[in-house]
Amino acid sequence: MQPIVQPQNIESKNTPLGLPPRPNVKPRIDPNQIPSPVQIQEKDETLYEQPEYYYGTCGTDALPLASTNFRSLDQGNSNPRYMRLTLNTVPQTNELIRDTGFPFGVVVQPLASKHLDDMEVPRVPLMSEHAEPTRCSRCKGYLNPWCKFTDAGKKFVCNLCEFENVVPEDQFCPIDMNGRRMDTEHRPELMFGSVEFDVPKDYWNGVEPKPLHQLFAIDVSRYAVQSGMLSVVCQAIKQLLAEDGFPVGMKVGVLTYDSSVHFYNLQAGLEQATMMVVSDIDDVFVPISNGLFVDPQESRSVIEGLMDQLPVLYQDTTIQNAAFSSAIQSALIAMKSTGGKVSIMHTSLPSIGPGILKNRDDPKLHATEREKGLLAPQGTFYPQLGSECVQSGVSVDCWFFPPANTYIDVASTGILSAMTGGDIHYFPNFQPERQGPQVSHDLIHAIRREQGYRAALRLRCSNGLTVSDHYGNFSMNNATDIELAGLNSDTSIGIELKHDGKLGSVVYFQCAVLYTTAQGQRRVRVHNLSASVGYVAQPVFKAADLDTSMNFLIKRAVTESAKKSINDISNELDTFCTKILMSYRKFCAADATPAQLILPESFKVLPLLISSFKKSAVLRKDTTVSFDMRAYVMRKMKNLSVPDTIKWLYPRCIRLDLWLQQQQGETKPRAPLERLSYDRFSMSGIYWIESHEDIYLWIGQHASSDLVQKIFGVSDIHQINPNMSQLPVLDNPINAQLRVIYSIATDNKPYLPQFNVIRHGLDLEIELSKVLIEDESFNQMSYVDYLCMIHKQIQTEV
């Protein structure tokens, strides 16, 4: 129980530079007395920092926070990185869901990256050429550790639909007195929650699996060259070649385009790449049969030569337009029989060739009822093109580089990525010095990460439960199967569940993904999960997962933005927050007085995270957030993982000066986290704020000159370059430790945060204020005020 406490000793602080002065008004609650994620995260991280500590997936320990870098031991349930429920104790009835107000669903990330100490997902080979994985003949669920064998091992009961199946003769094995097969230790699918099955030709769907074909489609119009985009992309591809960064077996191709489409023969042995031009952009074709896709290492010198030539070849171009859709159509024709991925780099609103778009940018529509129309694609051309890509197993990663204040209609062009399981990257007013490292990092990550193509995903669950909806970036041609032309380690999907019958004491979930790996093997990856059933509200509240619930809630809210206004979604979030806290008071703390602010332990920072979401570029009323930016952020958020969502909602803030000084001693304390409020910044401090999109290094006016010297190589903050895009590399332990923090924050991330140095009193802090989410900003209440508002609404209902 959390009583309201009168504030004491609250000092007035400065306002972030560039913002209107903040009124010196005492908060109605002492900010130090309200819940914060900081203490919760520190406690969980301390636990898993112990080298011998693992999360057992079938144990009794609480689920680790999504923000914690935990180790996991697969005991029959899948690693939480692959699959997380919003409610780890599943309500027995739909009425209990309705009464508590909880979102009920599962978030799956089938190819998620694991901890370095975790085991690889075991592979289950075929027993013979024509064999196939053992499945339930009724629901088609795959054999897993929760199935039960009967009749001396001749039959098994499906844990999902409870149907009794006959075990194929060639897979029969006797069982012991406990009903356990004698060969269990040699059958990964009977031991582990996550496995990957090899599959026979029947699972190929008529297309022979081949290694992934990767096509780079690069805009070479005038702005693409002048902005530096072309040079940066070419250098990133050269870096991939130099570091042997392309997955084994991957085939690589390059095309460029402006008012025509240019194809390149990259065959090994050529002195240089040869170019063929298709000038009819309304009826494109592929003029090369051999040499368009090559082994990147065999043709390394040819590709490197082309990357060096392209910026020179087009340096004097006067062509201003680029045929975006013609480039996509060319890629589709080139990969129609194989499937694959196209990464397209583009700079302008499509104005030539098929799929010409109108400029519908109208600032007067910001935050109005009509804005939602601008977040949907124009017409049917691009959705239809997206459908054709899905049918051919071709995913599209869109990389947009428009000039400053220029509309490119991300809602229309970006639908190709949204439908095919691809990513969108958006760099308005591209500046190579600042954003070049981001482009290189993101492109290299997109190639190196675990990925596949031609994927289909289905979630099966126990009798009494059914799937009601799906949220994410994908396509669907029926009510049950998600189609993903591309699938990768960052792909994350929310699946909503509902009751359609009575539940037993335990329920089961199975996520199955049929896909072709980047190396060209056709496989089914299966993740299994079991959960207990709760008959009353208290155990449901106790085991509720706030991290997963917020990810699920955001995916659903973004999906609903096509039909609802931003105002409506924002108001519904307030109602949602009030409903859950009111339900907890009603069912779990009925004796509390109305003056007490009662917060469930598992959801005690829900108001803070809801408040943060309302201040985000998805929902805030801010004319500086263009329609393209809002569409980009929305599409990105629909695909964001649970850990990245939490970092987006509540960035990590570290008081660097105190921690780095403590590192000099014999003990090595963990980095102390700080709450996200400007009032908590000390003018003698140095702070590291690590969000999903930015990293801020804030140096107080009176920060230690010795520490500044060791970090930046200069002792006076006036001499620090505020435009640096990366940390300087200096030969001292302090600088080295800071670079370790940076590496941990950026390694294996799909989007590299932009690095920003802010010198207190010298540099504008407007952008920094956007991540200080406990403060009032964008006409949205501070955390304290929002909590008071929610509490007042609860008191009204009480």
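Reader: What is the relative accessible area of Ala404?

Author: This is a predicted model in which local features need pLDDT of at least 70 and side-chain atom pairs count only at pLDDT 80 or more, while totals for chains, interfaces and linings use all residues. Residues are numbered from 1 along each chain as its sequence is written, and side-chain values use heavy atoms, leaving out hydrogens and water. Ala404 lies in the loop between strand E17 (394-400) and helix H9 (410-413), where helices (H or I, at least four residues) and strands (E, at least two) are DSSP runs numbered from the N terminus. Ala404 is partly exposed, a class between buried (under 20% relative accessible area) and exposed (over 50%), with a 1.4 Å probe and protein chains only; its relative accessible area is 38%.

Reader: Which side chains make a polar contact of 2.8 Å with the side chain of Asp490?

Author: Asp490 sits in the loop between strand E22 (482-488) and strand E23 (493-499), and its 12% relative accessibility counts as buried. A polar contact is a pair of N or O atoms within 3.5 Å; within protein, one must be able to donate a hydrogen and the other to accept it, and residues adjacent in sequence count only if both atoms are side-chain atoms. The side chains that meet this at 2.8 Å are those of His445 and Arg449.

Reader: At what angle do H13 and H15 pack?

Author: Axes are lines fitted to C-alpha atoms, for helices over the stretch in contact, and angles run from 0 to 180 degrees between N-to-C directions. The two helices are roughly parallel, where under 35 degrees is roughly parallel, over 145 roughly antiparallel, 65 to 115 roughly perpendicular and the rest oblique. The axes of H13 (residues 546-560) and H15 (residues 606-614) are 11 Å apart, and the angle is about 30 degrees.

Reader: How many residues of helix H6 are buried?

Author: Helix H6 spans residues 324-334 and is largely enclosed by the rest of the structure. Its buried residues include Phe324, Ile328, Gln329 and Leu332.

Reader: How far apart are the C-alpha atoms of Val708 and Thr184?

Author: Val708 is found in helix H19 (residues 705-712) and is buried, with a relative accessible area of 0%. Beyond four places in sequence, its contacts include Ile686, Ile699 and Ile720. Thr184 is 524 residues away along the chain, and the C-alpha separation is 59 Å.

Notes
Contact = heavy atoms within 4.5 Å.
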